[in-house]
Amino acid sequence: MRRVSRIAVAGVATAALAVTVSACGSSSSESAGGGKKNLGLALAYDVGGKGDQSFNDAATAGMEKADKEFGYKSTAVEPQDGESDADKVQRLETLAKQGYNPVIGVGFAYAPAVKEVAAKYPKVTFGIVDDDTIKASNVADLVFHEEQASYLAGVAAAKTTKSNVVGFVGGVDVPLIHKFEAGFKQGVEDTKKGVKVKSQYLTETAAEGGFASPDKGENAANGQIDAGADVVYAAAGLSGQGVIKAAAAHKIWAIGVDSDQYKQAALAKYKDSILTSAMKDVAGAVFNLAKSVKDGKPQTGEVRASLATGGVSLSESNPVFKNNADVQAAVKKAEEGIKNGTIKVKTS
């Protein structure tokens, strides 16, 4: 029901965007293209929207930090189900025109729209999360070494499993999620020989709901658990909530993604089943881009975060994970190997 209600709200919010943004920008009509006043940053959410307890919420945290530090009144806009690139273009154009800077597309699906709109508004800085294909003087490609954090998740899974079967649930069968799977599998294989990794992708395309369907995630996890998996790692956005729910129901371990899902309020009743989370600092990337614009030195080009920069990591909020000396030693050893180059993590 929550997903349905958010879709309804998203439709209303998108329809009302021009009115809302115009109201916010009524005192700053000159701000488009670097005028007198910057309203703040604008986020255009990926599928799943706000409340996914993962990717989009991490971006929201970065926006809220920028608002607090810079006195901004930023905005964020929900996606619509089945929307086209033209819908995304219109959304980004509206935000840029009204004086938001930077304007950030949260997710690789925004690539065509960001490329088109950035060319029309050269004085506005645009950001896109999880895409490195746009080469423009006013675009920052905010990308991550997801495979590195996923490798550590694989190490943790291999050290924790008792059945010697672990699972990976990917939201959509695309190259970005292949990075998560590749790193996880390699981490498992390098840590404990003989552990089987069962992988499943929920959908072929994002439009089919792979990142936004907890029921699909739950069904996939149940299948892997029935096949013997006692640790399941999900890289599936909002769908990952279903994986975590299934893990809790069967009293096995789940590994979260993007945000520290052990700390997420909406997942509190399942937190004792969340071993750790493979995190990427989307919040930091969003905040840093906003700060660079505020400082008059906008980030552009590829901005890639890694273990070495602190941009990806493994959470330690669950005391069971943090206090397991054997697991911690293995994870720390792997982390050092990745940082010094002795471990080369695959991306596919």
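In this predicted model, the largest pocket holds about 350 Å³ of space. Its lining comprises 21 residues, and those closest to its centre are Val47, Gln80, Gly82, Ala206 and Ala207. Sorted by class, the lining of the largest pocket has 11 nonpolar, four polar and six charged residues.

The structure also holds two cavities of 30 Å³ or more.

| Space | Volume | Lining by class |
|---|---|---|
| Largest pocket | about 350 Å³ | 11 nonpolar, four polar, six charged residues |
| Largest cavity | about 160 Å³ | 10 nonpolar, two polar, five charged residues |
| Second largest cavity | about 30 Å³ | five nonpolar, no polar, one charged residues |

The lining of the largest cavity is made up of 17 residues, of which Phe55, Ile177, Phe211, Gly237 and Asp258 lie nearest its centre. Two elements, helix 7 (175–191) and strand 9 (253–258), each supply at least two residues of this lining. Helix 7 provides the largest share, three residues.

The second largest cavity is lined by Asp46, Val47, Phe108, Ala109, Ala206 and Phe211. Among these residues, Val47 and Ala206 also belong to those closest to the centre of the largest pocket. Phe211, in turn, is one of the residues that lie nearest the centre of the largest cavity.

Within residues 111–120, which form helix 5, the buried residues are Ala111, Ala113, Val114, Val117 and Ala118. Viewed down the helix axis, these buried residues fall within an arc of 155°, and they therefore line one face of helix 5. An α-helix has 3.6 residues a turn, so residues three or four places apart point the same way. The buried residues of helix 5 pack against helix 4, strand 4 (126–129) and strand 5 (139–144). On the face turned away from this buried side, helix 5 carries the exposed residues Lys115 and Ala119.

Glu78 is located in the loop between strand 2 (75–77) and helix 4 (85–97). With a relative accessible area of 13%, Glu78 counts as buried because its value falls under 20%. The side chain of Glu78 reaches the backbone nitrogen of Lys50 at a distance of 3.3 Å. Helix 4, at one end of this loop, is also among the elements against which the buried residues of helix 5 pack.

Key. Residues are numbered from 1 along each chain as its sequence is written. This is a predicted model: local features need pLDDT of at least 70, side-chain atom pairs count only at pLDDT 80 or more; totals for chains, interfaces and linings use all residues. Side-chain values use heavy atoms; hydrogens and water are left out. On a 1 Å grid over the protein atoms alone, a cavity is a set of points where a 1.4 Å probe fits but cannot get out, and a pocket is an open set with protein on both sides within 12 Å along at least five of seven lines; lining residues have an atom within 4 Å of a point. Grid points are joined across faces, edges and corners, and a volume is the space filled by probe spheres set on the points. Ala, Val, Leu, Ile, Met, Phe, Trp, Tyr, Cys and Pro count as nonpolar, Asp, Glu, Lys and Arg as charged, and the others, Gly among them, as polar. Helices (H or I, at least four residues) and strands (E, at least two) are DSSP runs, numbered from the N terminus. Buried means under 20% relative accessible area, exposed over 50%, partly exposed in between (1.4 Å probe, protein chains only). A polar contact is a pair of N or O atoms within 3.5 Å; within protein, one must be able to donate a hydrogen and the other to accept it, and residues adjacent in sequence count only if both atoms are side-chain atoms. The arc is that of the directions from the helix axis to the C-beta atoms. Contact means heavy atoms within 4.5 Å.
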